[in-house]
Structure formats: C-alpha cells, structure tokens
Amino acid sequence: QNGLHTRFIARNVYAFDQVDSTNHQAMLMGEEGAADGTVVIADAQSSGKGRLGRRWASPAGVNLYASIVLRPPIAPHRAPQLTFVSAVAVAQAINSFSGLDARVKWPNDILIDDCKVGGLLNEMSAESERVHSVVLGIGLNVNMTASQFPTDLRYPATSLFLSSGRKWPRAALARHLFEKLEQLYHQYLNEGFEPILQQWESLCCWQGRVVEVDRGTDRIRGRFAGLDQTGALLLDAGGTLEKIYSGDVRPSDD
Ligand code: BT5
C-alpha cells in the first residue's frame, strides 16, 4: 500500500534515484507489456527530455519527474488529446494542493505568473490503427532554487518554492497529482474530449490576447481564439482563423 486512492494509476511504481529519462524507461516498459497505469518516477534524470530534442533540467532531490504508461482504447490520432488531460491534471493538482494559481499554456506548459513551472512530454507507440501505449511525461519544478536553473532558458521559469516562498512535500504532491490524473482520464474515456477542453480553457493563459507563434520555419501573430476539437490552437490573424498544430506561443504586446 502506498497511500494512494487510485484504482490503476500508480498501482505499479518503479522509483529510481537516477535514470536517463523517465519517459525513455516508461516507453521501454510499455513496449515490454507493463500494466496500464504503471508509473516510472526518478529523483534525478541525467538526460531529461523536452520536445524537439531539447533538454529538461532535472537536478536531484527537489522536483518531480514522472512518466505514466497508459493503454487507452482510442485511435492514434486522438493521442495528442491526452496532453490536455495531463495539463489540466497538473494545474488543478498544483492549485488545490498549494493554493497557487497555476495556468496551462498551449500545448504542453504549466505556468505560474507567466513563468514555466512544469512541462509535459507525451510519446506514443502505435501499430497501424491501434495505440499500443502512450507515455505521459510530467516534469514539475517543486523545490528547485534559482541557482539550479540553467542560465540559457528559452522562457522565464519558476518552481513552487520560488513562487510561494515555502518548500512542498513531493510525495504528497505526487499522490495528489496521480489521483487528479486518474479522475480526468476516466472523464476523458467516459465523456470524451469536450469536458477536458472546457476545463483546459478555463485554466488557460492569454485567452483573447495577441500572441506570437514560432512554428520553427516561420512566425505568425494573431489573437488567441481557443482550441478546436482536436486540440489545435486557433489564431485569429486579421480576420482569418489559422489552425496551429505545433509551435511555441508567447504574448505579443504591441
Ligand atoms: C517540455 O519541453 O516542456 C517538456 C518537459 C518534460 C519533462 C518531463 S520530466 C519527466 C519526463 N521524462 C523526460 O525525459 N521528460 C519528461 P519543451 O516545451 O520543449 O521545453 C523545453 C525547454 O524548457 C528547454 O529548452 C528549456 O529552455 C526549458 N527548461 C528546461 N528545463 C526546465 C525546467 N526544469 N523548468 C523550466 N524550464 C525548463
């Protein structure tokens, strides 16, 4: 018994002092048949991954690095929706646990006062039209101090400690997070994406504001107009509604 009130998420937990990347280990376990809801958690990561080959700073003893193996009965094209399930779970868990005001930023960031406190990295393995496993990777800066952040961050960053002035118990926060995640994942499987989308939009920053999206090959500016049914970002660029499937969003104040 690990004090969890979950039915399947984190019934099997692999806890490491250090791994290369909890996502990498969870993907391997997923391919080898690990049970639905298996969690890989580590105190430190030597090669924590972000998107597009970026790195996730993962110092020891201060943060949460967790990856959850799921086997959802959904078509592969729906798997990106699970990023929104995990984003809502992380933001709601932070808010109810700490009283802070965490928000979600499209597509995979968790922010407090416009500073990045957490990041999500979901990876899928699929065979033809069937999802074999999805790994939800969650990195959350809990008690990280200012000097533990890399100096070359793309985006201002924070931790729960830096935003609140107090240290937080990581295990209790992790339990709370897994419970939220399980609840929202069930809601997603039973009721579909719509209720997740509604909760995501109520937690989202910059609704209605002018933002700039870096799509890698180009940049586009427009008013943030919400998400479509698949989770793509809708941008009102001078009357034309643009759909954005991937990119980095930041507020554009002029
Ligand atoms: C992400 O990527 O935000 C996804 C991060 C996912 C990390 C978790 S930890 C558990 C699991 N196992 C893994 O190996 N990964 C997942 P992206 O949107 O690409 O943002 C990466 C960028 O965020 C980097 O290029 C840095 O600029 C910045 N960054 C790196 N470490 C950070 C940190 N600890 N806090 C805030 N920002 C950070």
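User: Before we start, how are the residues numbered, and what pLDDT do local features need?
Analyst: Residues are numbered from 1 along each chain, following the sequence as written. This is a predicted model, where totals for chains, interfaces and linings use all residues, side-chain atom pairs count only at pLDDT 80 or more, and local features need pLDDT of at least 70.

User: Okay, how far apart are the C-alpha centres of domain 1 and domain 2?
Analyst: The protein splits into domain 1 (13–203) and domain 2 (210–251), with bounds taken from an automatic or database domain assignment. Between their C-alpha centres, the distance is 23 Å.

User: Which helices each supply at least two residues of the side of domain 1 that touches domain 2?
Analyst: Eight residues of domain 1 are in contact with six of domain 2, where contact means that C-beta atoms, placed from the backbone, lie within 7 Å. On the domain 1 side, there are five nonpolar, one polar and two charged residues. For the classes, Ala, Val, Leu, Ile, Met, Phe, Trp, Tyr, Cys and Pro count as nonpolar, Asp, Glu, Lys and Arg as charged, and the others, Gly among them, as polar. Elements here are DSSP runs numbered from the N terminus (helices: H or I, at least four residues; strands: E, at least two), and the helices you want are α2 (81–98) and α5 (194–203).

User: Is α2 parallel or oblique to α5?
Analyst: These two helices pack at about 50°, with axes 9 Å apart; axes are lines fitted to C-alpha atoms, for helices over the stretch in contact, and angles run from 0 to 180 degrees between N-to-C directions. Under 35 degrees counts as roughly parallel, over 145 as roughly antiparallel, 65 to 115 as roughly perpendicular, and the rest as oblique. Among the α2 residues making the contact are Phe84 and Val85, and α5 brings Trp200 and Leu203, among others. The angle makes α2, relative to α5, oblique.

User: And what is the handedness of the crossing of α2 and α4?
Analyst: The axes of α2 and α4 (residues 170–191) come within 8 Å and cross at roughly 135°. Their contact has twelve nonpolar, three polar and one charged residues. A crossing is left-handed if the near helix is turned anticlockwise from the far one by less than a right angle, and right-handed if clockwise. This one is right-handed.

User: Which strand gives the largest share of the shell around the ligand?
Analyst: The ligand is surrounded by 29 residues, and Ser21, Gly50, Gly119, Gly137 and Gly139 are the closest; a residue counts as near if its C-beta atom, placed from the backbone, lies within 6 Å. By class, the shell has eleven nonpolar, twelve polar and six charged residues. Elements giving two or more residues are α1 (22–31), β3 (64–70), β6 (115–127) and β7 (130–140). With four residues, the largest share belongs to β6.

User: Last one: which peptide bond is cis?
Analyst: Most peptide bonds are trans. Pro107 sits in the loop between β4 (102–105) and β5 (109–112). With omega near -5°, the cis bond is the one from Trp106 to Pro107.

Definitions and conventions. Contact = placed C-beta atoms within 7 Å.
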